[in-house]
Amino acid sequence: MPFAGRGILLDIEGTTSAIAYVYDVMFPYARTGLDGYLESHWGEAPLAEASEQIAQDAGHESLAAWSQTGDAQQRVRDEAIRLMDADIKATGLKQLQGLIWEAGFKSGELRAHVFPDVPPALRAWQVAGMDLRIYSSGSVHAQQLFFGHVDLDDESSKDGKSGSLLPYFSGHYDTTTGPKREAASYKKIADDWQLPAADVLFLSDVVAEVDAAREAGMATSLVLRDGNAPVEDVNGHATIRSFDELTITALA
């Protein structure tokens, strides 16, 4: 698939990384570590901010107001479990998960997975003059942790096992920008990028997301990775199974 433009916007789960890694490794890690993290970090500013957002996401004015009739820490724990059980991509939950993952990445317990074609593609696109950015339901903090601690088995890695892909990205967007299935979110991203939407290619494995990006004026391609859920109707989008299938040319 050819694309001539200035920017590439990437989803993570199912696009740069296997869905199985996110669901079988990262999400269980956050769930298992939830109680211990709340106990050991309660009162610290990052956790307080995430907890406040969880309260607001749940429809309350503040965490203090929510916990007038119950323990605040227990409220946050129970709501986080409820959201995880329902696979709800709420902003506060994503912030809290990012904090737990940070501890895992820094300890070395977690190393992020990316598909083998991703690192060489990022290098080639950057060399070609493309501006690369991420848009994920995971918080910006979690995105930076993820791409900062990647399992790599090539020259990108200093130790042959883990490395950082962060230098390839100039920007990150999450649900604080807006829902990924709404065209307004992609218009906001293009405005922030200071690029015409048509100069941006959005890559995702979710039809509703590429639909929204196309409605906003972006070029799109639906990513059909092995392990992704089958797609019955691609709704007119170009499709790829590997980043190798893209022919990228940066506009002057």
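Q: How many salt bridges does a search of the whole structure find, and what counts as one?
A: The search finds 13 salt bridges. A salt bridge is a side-chain nitrogen of Lys or Arg within 4 Å of a carboxyl oxygen of Asp or Glu. This is a predicted model, in which local features need pLDDT of at least 70 and side-chain atom pairs count only at pLDDT 80 or more, while totals for chains, interfaces and linings use all residues. Residues are numbered from 1 along each chain as its sequence is written, and side-chain values use heavy atoms, with hydrogens and water left out.

Q: Why is the contact of R82 and E79 called a salt bridge?
A: Their side chains meet at 2.8 Å, N to O. The limit is 4 Å, so the pair qualifies.

Q: Where do R82 and E79 lie?
A: Both are in helix 4 (residues 72–85), three residues apart, or about one turn of the helix. Helices are DSSP runs of H or I with at least four residues, strands are runs of E with at least two, and both are numbered from the N terminus.

Q: Why is E79 called buried?
A: Buried means under 20% relative accessible area, exposed means over 50%, and partly exposed is in between (1.4 Å probe, protein chains only). E79 has 10%, so it counts as buried. R82 has 43%, so it is partly exposed.

Q: What makes E102 and K106 a salt bridge?
A: Their closest N and O atoms are 2.8 Å apart. That is within 4 Å, so the label holds. The two residues are four apart in helix 5 (residues 91–107), so about one helical turn separates them.

Q: Are E102 and K106 buried or exposed?
A: E102 is buried, at 19% relative accessible area. K106 is exposed, at 61%.

Q: How do you know that K180 and E209 form a salt bridge?
A: The N to O distance is 3.3 Å, and the limit is 4 Å. This pair links distant parts of the chain, 29 residues apart. K180 is in the loop between strand 6 (171–173) and helix 8 (183–193), and E209 is in helix 9 (residues 207–215).

Q: Why are K180 and E209 called buried?
A: K180 has 7% relative accessibility, so it counts as buried. E209 has 8%, so it is buried too.

Q: Which residues are linked with K180 in a network of salt bridges?
A: D11 and E209 are linked with K180 in that network.

Q: What is the strand order of the open sheet?
A: The sheet has six strands in the order 6-3-2-7-8-9, with parallel pairing. Two strands pair if DSSP finds at least two bridges between them.

Q: What makes strand 6 and strand 9 edge strands?
A: Strand 6 and strand 9 (238–240) each pair on one side only.

Q: How do you know that strand 2 and strand 3 pair?
A: Strand 2 (residues 7–10) and strand 3 (residues 131–135) share four parallel bridges. The requirement is at least two, so they pair. I8 has L132 as its bridge partner in strand 3.

Q: Which strands does strand 7 join by bridges?
A: Four bridges join strand 7 to strand 2, running parallel. Another four join strand 7 to strand 8 (residues 219–223), also parallel. L203 is the partner of L10 in strand 7, and S221 in strand 8 is the partner of L203.

Q: What makes strand 7 mostly covered?
A: Five of its five residues are buried. V200, F202 and S204 point one way, and L201 and L203 the other way.

Q: Why do they point in two directions?
A: In a regular strand the side chains alternate between the two faces of the sheet.

Q: What makes the unit of strand 7, helix 9 and strand 8 right-handed?
A: With the strands pointing away from the viewer, a right-handed path from the first strand over the helix to the second runs clockwise. Strand 7, helix 9 and strand 8 make such a right-handed β-α-β unit.

Q: Which residues of helix 9 are buried, and what covers them?
A: V207, E209, V210, A212 and A213 are buried. The cover includes helix 8, strand 7 and strand 8.

Technical notes:
Contact = heavy atoms within 4.5 Å.
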